[in-house]
Structure formats: C-alpha cells, structure tokens
Amino acid sequence: MADGTSLRARHPDLYLKDANIDRHACRRVVPMEVLSLGMGRTGTVSMQAALRILGYNDCYHGFDIFLNVKDCDMWMEAFAAKYQGKGKFGRAEFDRLLGHCMAVTDAPCNSFGPELIDAYPEAKVILVEREIESWYKSFSIVAEGIYGPGVQRATILDPFWTGRSLGVLRKWLALEFGANSLEKAKEVARERYRAHYAEIRRVTPKERLLEYELGSGWEPLCKFLGKPVPDVPFPRLNEAETLKEKIGILRWQARKRVKWIRLVDGCSLCTPSSFTSSLS
C-alpha cells in the first residue's frame with residue numbers, strides 16, 4: 001500500500017500466536033449490543049473498525065476464526081444445529097462462543113441472523129447493503145479462493161489450522177448457499193443475497209434496525225446507537241486491498257505450517273509470489 005507501513009503493522013492480529021481457547025468452557029463477560037448482519041464483502045472490515053472506535057470491544061469478524069482456530073469447532077456445531085437438526089445452538093451456546101464480544105459482523109455470524117436477533121433481543125441490528133453486481137464480483141473472488149485446488153491440499157497437510165478454518169468457510173458456502181461447488185455458488189449467489197436481506201428485514205423489529213449506507217459518516221450510526229460522534233474520521237478501509245493482504249498473510253502462514261511450499265503454490269487464494277516474498 002502507498003502509506004508504506006508494514007503488513008505486520010496493518011494486520012497485527014494475524015501475526016499473533018493462535019489463542020488456543022476452547023470456547024466451550026467460556027461464558028459471556030460483556031453484553032452483546034450490536035449485530036451487524038449484512039453479507040460479507042459489504043464493508044464489514046470498515047464497520048468492525050467503526051464499532052471498535054465506538055467502544056464495542058470486541059467486534060467479531062470472519063477473520064477472527066484465524067486468530068483462535070478452535071472457534072471453528074463451535075461454528076461447525078452451529079451450522080449442524082441450524083441446517084441439519086443436530087443438537088441445539090441458542091443463547092447459551094452463542095454466549096460461550098461470542099461471550100467476549102459486544103458486536104458481530106461478517107460471516108459466519110451473518111449466517112445466524114435470525115438466531116442472534118432472537119437470542120439477544122436487547123441488541124441493535126445494522127444492515128449494510130451493496131449494489132448487487134458489485135457485491136457479486138467480490139463474492140466470486142472469495143468463492144474461487146475457497147474452492148481452489150491448492151487450498152484442498154493445504155487442508156489435508158495442515159488439518160488443525162488450515163483444515164479447520166477453510167472447513168468452516170466451505171461449510172458456510174455449502175449450507176448458506178446450498179453450494180458444494182464453485183459453479184453452484186456463483187449460480188445461486190444473487191438469489192441468496194436478496195433472500196438474506198429480506199429475511200433480516202422480516203425478523204427484525206423496525207425500532208431495532210438501522211439500514212446504514214457506507215459513506216454516510218458517523219452521524220446516522222451514532223444517533224442509532226446513542227453514542228457521541230468521535231473526533232476521528234469514519235474508517236473507510238480499502239476492503240479489496242485489505243482482503244488481498246490478509247489472504248497473503250494467511251497463505252504465508254500456511255506455507256510455514258506445511259513446509260512443502262510447492263504443494264500450495266497453486267492455491268487460488270494466493271497473491272503473487274512477489275507480494276508474499278515481502279512478508280516478514
């Protein structure tokens with residue numbers, strides 16, 4: 001990026017040692033106050049940053065599964081309960097998995113919109129929607145990465161970390177989108193996008209819902225949440241560039257884990273070698 005700061009400085013969380021926390025043994029320690037339930041690739045990184053500035057610590061985002069990979073175990077249980085009728089996953093379970101968070105955004109949280117809205121009736125709901133064709137192009141890049149052949153090899157060679165994290169993403173596509181292949185995911189993406197927003201609007205009481213448009217600044221968000229307007233600009237992160245950088249870091253970490261670099265060089269999640277060679 002043009003600002004010249006290092007990847008480690010921009011994404012310090014991804015360089016931390018895995019937290020290795022089994023959330024099954026956790027409990028809620030802060031109240032859940034905000035559910036940002038728009039689809040991924042709709043400014044979720046910027047929204048996470050904004051909510052943190054407003055004091056919602058922490059705000060769970062999809063990349064959090066890479067910080068504590070054992071979270072994936074509970075997300076798989078949540079998917080099994082919702083889509084396959086195996087076990088239950090309600091407020092008690094969400095309190096264990098998300099008990100350290102005051103807010104959520106992005107997948108896999110947004111796959112459980114109705115469940116979270118019901119589990120936390122005191123929480124406010126935010127929807128950020130993006131023009132559908134613009135979203136589809138971005139979604140397609142993510143889906144192509146998840147189904148990349150190099151990813152499959154990495155999950156086999158590194159089942160604890162890559163296998164768990166990519167397993168959750170594939171389960172998300174398989175169940176949320178009814179897609180077990182890249183082609184099917186792309187085919188149904190627009191339909192699922194529309195259905196997602198329709199469902200959240202249907203189940204959320206109007207007084208709890210804010211339809212927020214990125215670019216509208218702090219005022220509507222702060223008014224809705226009852227927070228003073230911060231004396232800093234609203235975060236407007238380059239989501240595409242941020243995603244590219246984060247994926248590059250994750251690829252580098254996967255290469256370190258499996259040690260056989262040649263087996264993951266073909267991964268379609270990967271950025272060019274010239275980019276990853278600068279990671280340190």
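Author: K186 is partly exposed, because its relative accessible area is 24%, which lies between the 20% and 50% cut-offs. Keep in mind that this is a predicted model. The partner of K186 is E144, and the N to O distance in this salt bridge is 2.6 Å. The two residues sit in distant parts of the chain: E144 in helix α6 (residues 132–146), K186 in helix α9 (residues 182–203), 42 residues apart. E144 is partly exposed too, at 33% relative accessible area.

Now the pair R28 and D95. Their closest N and O atoms are 2.6 Å apart in a salt bridge. This pair also links distant parts of the chain, 67 residues apart: R28 is in the loop between α1 and β1, D95 in helix α4 (residues 91–98). Both R28 and D95 are buried. For R28, the relative accessibility is 15%, so it counts as buried. The side chain of R28 has a further polar contact, 3.1 Å, with the side chain of Y120. Among the other residues that R28 touches are F94, L98, G99 and C101. Shared partners extend the picture: salt bridges join R28, R91, D95 and E122 into one network.

E245 is in helix α11 (residues 239–258) and R10 in helix α1, 235 residues apart, so distant parts of the chain are linked. E245 counts as buried, at 2% relative accessibility. R10 is partly exposed, at 22%. In total, the structure holds 15 salt bridges.

Definitions and conventions. Residues numbered from 1 in each chain as written. Predicted model: local features only at pLDDT ≥ 70, side-chain atom pairs only at ≥ 80, totals over all residues. Heavy atoms only, no water. Buried < 20%, exposed > 50% of the residue type's maximum accessible area, 1.4 Å probe, protein only. Polar contact = N/O pair within 3.5 Å; in protein donor to acceptor, adjacent residues only side chain to side chain. Contact = heavy atoms within 4.5 Å. Salt bridge = Lys/Arg side-chain N within 4 Å of Asp/Glu carboxyl O. Helix = DSSP H or I, 4+ residues; strand = E, 2+ residues; numbered from the N terminus. Lists of a residue's contacts leave out its neighbours within four places in sequence.
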